[in-house]
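Follow the model through its helices, its aromatic pairs and a patch on its surface. Terms are defined as they come up.

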Amino acid sequence: MSTGYAQDAAVMPAIVSSTASPEIETMIDTPAFLNSATDSQRKEYIELEGNPNLTMEMKQKALTNWALRCGNPVNGLYTMYMAEKQTLQEQEDQRMSVIVAQLSPEAQQADKHVRGITSNLNQTKKEMDTNVAKQLKKLPKKVYYELTFATQ
């Protein structure tokens, strides 16, 4: 998960690729795998993706199983999409690590706590956002501002 704290406590910002990737044109455009899906397959995907009661781990497994049930070309395109999404997330995590390494020890520790929360997939998105917000509220203002401004 991204730790760009200023984007609403831990809501992952929309990732927009500057290169024209065939798998992820942007996270805003409809992914190719959904364009290849039938109406009923798209409906099922949207229901799974939008289910607030699923933990992030359960959602990942459910979406992977959905893609497998759809078969190709949806499954192949979904697999490519997820691989590209993972690569972009890893790049963002590396970028954030470089930034955080330059902060005070207190801000680095706060970042470690927040990353611990955001890496826990056994919670719903709402639970994660709530837990991150609680963690950020505990911080001294100086550390909070240092962390949020540095990671924008």
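Start with V132. Its relative accessible area is 0%, so V132 is buried. Buried means under 20% relative accessible area, exposed means over 50%, and partly exposed lies in between (1.4 Å probe, protein chains only). V132 sits in helix 6, residues 125-138. Helices here are DSSP runs of H or I with at least four residues, and strands are runs of E with at least two, numbered from the N terminus. I117 is 15 residues from V132 in sequence, and their C-alpha atoms are 6.6 Å apart in space.

Some ground rules apply. The model is predicted: local features need pLDDT of at least 70, side-chain atom pairs count only at pLDDT 80 or more, and totals for chains, interfaces and linings use all residues. Residues are numbered from 1 along each chain as its sequence is written, and side-chain values use heavy atoms, with hydrogens and water left out.

Next comes N75. This residue belongs to helix 4, residues 74-101. N75 counts as buried because its relative accessibility is 18%. Leaving out residues up to four places away in sequence, N75 touches A67 and L68. Contact means heavy atoms within 4.5 Å.

Now the rings. Rings of Phe, Tyr and Trp (its six-membered ring) pair if their centres lie within 6.5 Å; planes under 30 degrees apart are stacked, over 60 edge-to-face, and the rest tilted. The count by this rule is 8 aromatic pairs. One of them joins F33 and W66: the ring centres are 6.0 Å apart and the planes meet at 70°, so this pair is edge-to-face. F33 lies in helix 1 (residues 32-35) and W66 in helix 3 (residues 56-70), so the pair ties together parts 33 residues apart in sequence. Both F33 and W66 are buried. Another edge-to-face pair is Y144 with Y145, at 5.4 Å centre to centre and 70° between the planes. F33 and W66 also belong to one aromatic cluster with Y45, Y78 and Y81.

Return to Y144, in helix 7, residues 141-150. Is Y144 buried or partly exposed? Its relative accessibility is 30%, so Y144 counts as partly exposed. Y145 is partly exposed too, at 40%.
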